[in-house]
Amino acid sequence: MIKFVRLFVLLLLAFSFGNALRAQKGDKLKLRYDKPAKLWNEALPIGNGRLGAMIFGSPSQEKIQLNENSLWQGGPCRNDNPDALAALPIVRQLIFSGKYDEAQNVVNKSFISKKLQGASYQTVGNILLSFPNQKIYTGYTRELDIEKAIETTSYTVSGVTYKREIFASKPDQVIVVRLTASKPGHITFSTEINGSLQISVKNIGRDMLEQKGISSDYENIKGQVKFSTRVKVINSGGEIKGDSSKIKVTNANIVTIYVSIATNFKNYNDLSANDSLRCINYLIPALQKSYEKIKNDHITEFQKYFKRVRLDLGTSKASELTTDVRIKNFSHTFDPELVTLFFQFGRYLLISSSQPGGQPANLQGLWNDQVIAPWDSKYTVNINTEMNYWPAEITNLSEMHDPLIQLVKDLSIAGKQTAKTMYGAKGWVTHHNTDIWRICGPVDGSFWGMWPMGGAWLSQHLWAKYAFNGDKNYLKTVYPILKSACEFYLDFMVEEPKHKWMVVCPSVSPENAPSVHLNSSISDGTTMDNEILFGLFNKTIKAAQILNTDTNFVDSLREMILKMPPLQVGKNGQLQEWIEDWDNPKDTHRHVSHLFGVYPGNEISAYKTPKLLSAARTSLIFRGDVSTGWSMGWKVNLWARMLDGNHAFKLITDQLTLVDPASTSMDGSGGTYPNLFDACPPFQIDGNFGCTSGIAEMIMQSHDGAINIIPAIPDSWKSGSITGLRARGGFETAIYWENHQVKKLIIKSVLGGNCRIRVPNPMVLKSKGSISTAVGENVNSFYENPKIIQPVIFSQAGLNDFELKKTYLYDIQTIPGKTYVFESK
Ligand code: FUC
């Protein structure tokens, strides 16, 4: 009997251990559903940076919606408005005499592009696989494994279990669909391809379809992006035949489908590639490889990036439910793994939509099923495009940053002509939108477009890549772009009459208008512009110093910084959004532009400028929490920088609010669609990326003189760990915390230099090296923060001191390539 009980206990243990393993392995990094997608916002995304697909997973008809990232409306073009040059002094005069409405009229007439408001990113079309007699099924599952980047659908019909496995391979540049069944001879279906831009579809032999198409016209520009798609079907067993633009497979055992797509796009000025040849050249080598090899190579390549970061915030039973239900339940259940999944999904999306050599992730990343997408799925550079890249460095995906760096390089060339034609200025400029043709002129109307700051913000990504990796050769290649961006503002900035400050004029605080002149947003010297330029000028100064060049130019930048408007705290104790105290405490506008200095900038921070951070906090409270998806994503980062983990978590909770997949209305409130895509609404990928970066900033920050470990952990993340986050100055971290105390910290130093850590509890160094309590400024130059101009604080502003929790600050001298292990004392 005793033996029997022992055996039973052992079996029970083995069983529960097995279950625990299953729960951990099976559910953690998967999006799971128990029904097919009816709508696009339920379908699941795969991508290899260039090719993207959304998979619906219906048993009787699989729909795979396709994208290729260079398929955009129109062709090479420019949209500068030359009338601006003569109108510039008039507009400035009107602004400086308070005639904002009149200034706005002139801007709309003479500055905003007369043609070409930006081209739309377009869909290739859909592959449809029609399976007869599969309307009634059981055991349906559909999942996206974001650790392997594979989508799987499985279900049972009449005792046969069918499985579809789909992925987009980076090494082999094709999308692969694998169909299997639990019994031989049961796979019967027909394949077709359609799309609004398609010109022709035909069969090539019995097992291939070829689709040809061209992008649509855009205003007066002819559609010139040609594309070719080939769908090759390989069956094992059964029969295959091609007929009337379809391929029919009957009674096969296994089927593999290879999808190759290519365009004639070489770069924004050149459409001379041969799309057909490219398409074949991608396909042929892929067909030489076995399915297993293509799949393994795909997983290896994807995991090279993905596995760099692991996050554990704890587990709960909630993760057993399907993803849509978990989003629905999130606000009232404890589901830390949904946060982990959402965080890692952002990294998955960046790896899948932004690969070196390709286009950067646009407003929808890589995924768009329309011919004219919402906001054309362009690059909105007054927040959205930059937000896409916030997770790139901190979450250890620096290579994924490269397409954005290339975009900035392109714009620095295209934008030179804009600077000259429109403003008679040196350097380069771009406004609030650009597209694959790298337009740089202002679009959409002055409310949005009259913002000559896109280049200045984007350029800071050039610096960010250096700040995390310290590669001086890289810095040398991007320095001329930083310099040329600064040259534009040195020429363009003008003295305003009241305080004699040098300002950007005309401009807007993105998409917002002061309540005092509601109908016009036009203004000068806005806080965001000043903060962006403070960042750009100081980063350029630093780059010049590192490269030992341009001392006179550095002096001119220094002089300009001293003449710019200081940060100002207004009568409500808030950080002013505009040059005058026009802020309305009831203004809940989605853009929080004036808080640029808190995040992504670092002009305002907890340890350096606590009073200003307190004013920024007041502004953030005025703006409220719930807003568009991307706005909430930004606020997660902002609350993290305000060291308030609970408020940051509140924003994550607001973001993880289930939005009806049918709701795409632009004035709905934001949240998350069932497929974990951010709902602005409509779908915009920026909110995904913003939240991923915000979660990282809650756990580790490196902008304020030290590597700050668990600076903004909410009460509910009592214990957890994260490995692989990167800090400025080439430090890679592994962080383990328990009961809100750092238990263990491992730091790998890539570049060497002083490593200053800020921790909530005393630590000791367990590995070789010496640790000391930090005093004075951090001598590591990556941690040197520029001095800010004395802010102007309204005398009765009633500013509170920013409350700082007790922390411990240590210094350790590091050697390149060495790892340092700290434990709690
Ligand atoms: C800006 C935002 C909108 C939207 C659009 C693409 O205009 O204000 O909310 O995100 O970009």
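Q: How are helices and strands defined and numbered here?
A: Helices are DSSP runs of H or I with at least four residues, and strands are runs of E with at least two. Both are numbered from the N terminus. In a predicted model, local features need pLDDT of at least 70 and side-chain atom pairs pLDDT 80 or more, while totals for chains, interfaces and linings use all residues. Residues are numbered from 1 along each chain as its sequence is written, and side-chain values use heavy atoms, without hydrogens and water.

Q: Is His-431 buried or exposed?
A: Buried means under 20% relative accessible area, exposed over 50%, and partly exposed in between, with a 1.4 Å probe and protein chains only. The relative accessibility of His-431 is 0%, so His-431 counts as buried.

Q: Which side chain makes a polar contact with the side chain of His-431?
A: Contact means heavy atoms within 4.5 Å. Beyond four places in sequence, the contacts of His-431 include Val-381, Tyr-423, Cys-440 and Pro-452. A polar contact is a pair of N or O atoms within 3.5 Å; within protein, one must be able to donate a hydrogen and the other to accept it, and residues adjacent in sequence count only if both atoms are side-chain atoms. At 2.8 Å, the partner is Tyr-423.

Q: How far apart in space are His-431 and Pro-452, C-alpha to C-alpha?
A: In sequence, His-431 and Pro-452 are 21 residues apart. Their C-alpha separation in space is 4.5 Å.

Q: How many disulfides are there?
A: A disulfide is a pair of cysteine sulfur atoms within 2.5 Å. The sulfur of Cys-440 is 11 Å from the closest cysteine sulfur, in Cys-77, which is too far for a bond. Cys-77 is buried at 12% relative accessible area, and Cys-440 is buried at 2%. By this rule the count of disulfides is zero.

Q: Which strands are at the edges of the open sheet of nine strands?
A: Two strands pair if DSSP finds at least two bridges between them. The order is β1-β6-β7-β8-β9-β16-β13-β12-β11, with antiparallel pairing. Edge strands pair on one side only, and these are β1 (30–33) and β11 (198–204).

Q: Which residue in β8 is the bridge partner of Thr-152?
A: Strands β7 (residues 150–157) and β8 (residues 160–168) are antiparallel and share seven bridges. The partner of Thr-152 in β8 is Glu-165.

Q: At what angle does helix α4 run to β16?
A: Helix α4 (residues 275–288) lies across β12 (208–214), β13 (226–236) and β16 (254–263). Axes are lines fitted to C-alpha atoms, for helices over the stretch in contact, and angles run from 0 to 180 degrees between N-to-C directions. For α4 and β16 the angle is about 150 degrees.

Q: Which residue in the turn between β14 and β15 has a positive phi?
A: Strand β14 (residues 239–243) pairs with β15 in the antiparallel sense over five bridges. The hairpin has two residues between its strands. The turn residue with a positive phi, about 40 degrees, is Ser-244.
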